[in-house]
Amino acid sequence: EGRISTSLNGVAVWSLVGSALDLSTIVLAPAVVNIFTFYPISTAIGTNLVIAPDSLSPGSSYVFQLVYNSNNGQDFRSATVTVTTNDIPRSGAFSVSPRSGIELKDKFFFTASSWTDDQVPLLYRFGYYAETGDENTLKVKNEDSSLEAVLPRGYPLADNASLTLDCFMTVYDKLGAFATRTR
């Protein structure tokens, strides 16, 4: 929220400074607000900058500016706020071993390693994709970065092909940002 205290009618405008992102495509509330007051009484008026979810890139900084100009040109005010978005966990690996086995018999070992993030603790979720593409979770997210599990039958990717089962690992930081890897 930006607050403007003035006794003069004018216009308040939100903008995004130094970014190629078009603010008008991501706001959910008006970025331009007409200010009406009862001269000479000073009025404090708030204007909210509401950004659509998932419209800012992870791990980036954005400078938002609120500018107020009175209609008569006697009052000008400006303020900025820098918003830094949370980045996804990074630099990690995901492995499943062995690479082949017998359905519902052999044990498979899922391992996530070397993941880093400033927002700890990290939580890990493991599973596999059904032939329809639906996710089937084998272990709900928690701090354990490994799993031992038996797996169901895979599915053919092409005629006369061996069976395949795509497995996934999702790592979450404390704020809910996540990265997914598939094997």
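**Reading rings, cores and strands**

Guide: Six aromatic pairs are counted in this structure. The model is a predicted one.

Visitor: How is a pair of aromatic rings described?

Guide: By two values: the distance of the centres and the angle of the planes. Take Phe94 and Phe110. Their ring centres are 6.2 Å apart and their planes stand at 40°, so this pair is tilted.

Visitor: Which parts does the pair of Phe94 and Phe110 tie together?

Guide: Phe94 belongs to strand 7 (residues 93-97) and Phe110 to strand 8 (residues 107-113), so the pair links parts 16 residues apart in sequence.

Visitor: Is Phe94 buried or exposed? And Phe110, buried or exposed?

Guide: Phe94 is buried, at a relative accessible area of 4%. Phe110 is buried too, at 0%. The cut-off for buried is under 20%.

Visitor: Which residues do ring pairs link into a cluster?

Guide: Phe94, Phe110 and Phe126.

Visitor: Which residues have the most contacts inside the largest nonpolar core?

Guide: Phe110, Trp115, Tyr124, Phe126 and Met169. This core has 19 residues. Strand 7, strand 8, strand 9 (123-129), strand 11 (146-150) and strand 14 (167-172) each give it two or more residues. There is also a second, separate core of 16 residues, which includes Leu8, Leu16, Leu56 and Phe64.

Visitor: What does Tyr124 touch?

Guide: Leave out residues up to four places away in sequence. Its contacts then include Trp115, Met169 and Lys141. Others among them are Ala112, Val140 and Val171.

Visitor: Where does Lys141 lie relative to Tyr172?

Guide: Lys141 lies over the face of the Tyr172 ring, 4.2 Å from the ring centre.

Visitor: How many bridges join strand 2 to strand 5?

Guide: Eight. Strand 2 (residues 10-17) and strand 5 (residues 61-70) run antiparallel.

Visitor: Which residue in strand 5 is the bridge partner of Val11?

Guide: Asn69 is the partner of Val11.

Conventions. Residues are numbered from 1 along each chain as its sequence is written. This is a predicted model: local features need pLDDT of at least 70, side-chain atom pairs count only at pLDDT 80 or more; totals for chains, interfaces and linings use all residues. Side-chain values use heavy atoms; hydrogens and water are left out. Rings of Phe, Tyr and Trp (its six-membered ring) pair if their centres lie within 6.5 Å; planes under 30 degrees apart count as stacked, over 60 as edge-to-face and the rest as tilted. Helices (H or I, at least four residues) and strands (E, at least two) are DSSP runs, numbered from the N terminus. Buried means under 20% relative accessible area, exposed over 50%, partly exposed in between (1.4 Å probe, protein chains only). A charge sits over a ring if NZ of Lys or CZ of Arg is within 6 Å of the ring centre and within 35 degrees of the ring normal. A nonpolar core is a set of buried Ala, Val, Leu, Ile, Met, Phe, Trp, Tyr and Cys residues joined through side-chain atoms within 4.5 Å. Contact means heavy atoms within 4.5 Å. Two strands pair if DSSP finds at least two bridges between them.
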